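Subject: Structure handover

Hello,

Here is the structure for you to look through. My notes on it follow below.

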Amino acid sequence: TRFPAWGIGMLCALFCKLEFSPRSSRTAAAEASSPAPEQDSDGQEEEQQVQQSYTGMDILRSVPSSWHHAVVVLAAGTMAYIVLIVTEDFKGKGNNWSVFQEMLWLSFARPMWALCCGVVTLSCATGHVPLVSDFLGHPIWVVPARLTFNAYLVHPIIIKCLAGNMTNYYHFSFQDVMHRWCGNSIYSFALAACVFLLVERPCMSFQTLLMSATKRRSSKRTTASAQTT
């Protein structure tokens with residue numbers, strides 16, 4: 001169930017970088033006819049303007065701001081619904097959902113969450129929702145953003161280790177769920193910080209050294225070839 005969320009994120013990034021080349025009637029007629037061997041500068045500039053490509057981000061920027069606001073509000077409501085609807089299964093004695101309902105939530109919760117995140121991210125990137133963009137782009141989120149992926153990788157280990165050392169069954173209540181959520185989050189981000197300091201950061205520094213050494217070698221070869229010629 002995690003692969004669809006990863007795929008949605010990749011598709012969002014691919015759509016932003018995807019280039020579209022419009023074909024107007026003037027361009028099609030020019031291609032059908034035999035091109036002249038020489039063209040003046042004005043004709044070349046006009047043809048370049050006609051054949052100018054645009055990206056998926058340009059398409060999103062052309063959408064009215066009201067649409068972006070409505071989509072962001074809808075995405076926020078959907079994310080809140082995904083989180084809060086689970087409480088219906090905990091009411092009373094618990095296990096109120098049928099197997100089919102559980103399958104629906106497990107199958108569509110993560111992809112829908114990722115889709116909502118992608119929608120909010122793209123709307124912020126276009127600049128149509130400045131308040132949300134300023135809040136999510138605040139410097140206070142820099143450190144958690146760098147640890148988020150590592151926390152995503154290590155949090156199953158934390159959950160399974162804590163669950164494997166339980167001496168009794170889980171008691172599903174709001175207090176118990178919040179207590180375990182806070183504990184799992186703190187442990188996951190603490191372990192993610194260790195992974196960043198011991199693995200990711202040294203690898204980034206080593207990669208920077210390799211790239212700088214490669215650039216120095218290429219510059220020396222370019223200088224030597226220029227001197228010989």
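Patches are made of residues with over 30% relative accessible area and no salt bridge, where like charges are joined within 9 Å and nonpolar side chains (Val, Leu, Ile, Met, Phe, Trp, Tyr) within 5 Å. Accessible areas come from the Shrake-Rupley method with a 1.4 Å probe, and for residues only the protein chains shown count as cover. The model is predicted: local features need pLDDT of at least 70, side-chain atom pairs count only at pLDDT 80 or more, and totals for chains, interfaces and linings use all residues. Residues are numbered from 1 along each chain as its sequence is written, and side-chain values use heavy atoms, with hydrogens and water left out.

A nonpolar surface patch consists of Phe100, Leu104, Phe108, Met112 and Leu115, which together have about 480 Å² of accessible area. Phenylalanine 108 belongs to helix 6 (helices are DSSP runs of H or I, at least four residues, numbered from the N terminus).

Aspartate 89 sits in the loop between helix 5 (65-84) and helix 6 (99-126). Aspartate 89 is buried, at 10% relative accessible area (buried is under 20%, exposed over 50%, partly exposed in between, with a 1.4 Å probe and protein chains only).

There are two salt bridges (a side-chain nitrogen of Lys or Arg within 4 Å of a carboxyl oxygen of Asp or Glu). One joins aspartate 58 and arginine 61 at 3.3 Å, N to O. The other joins aspartate 176 and arginine 180 at 2.9 Å, N to O; both residues lie in helix 9 (residues 174-228), four residues apart, about one turn of the helix.

Regards

Terms used: Helices (H or I, at least four residues) and strands (E, at least two) are DSSP runs, numbered from the N terminus.
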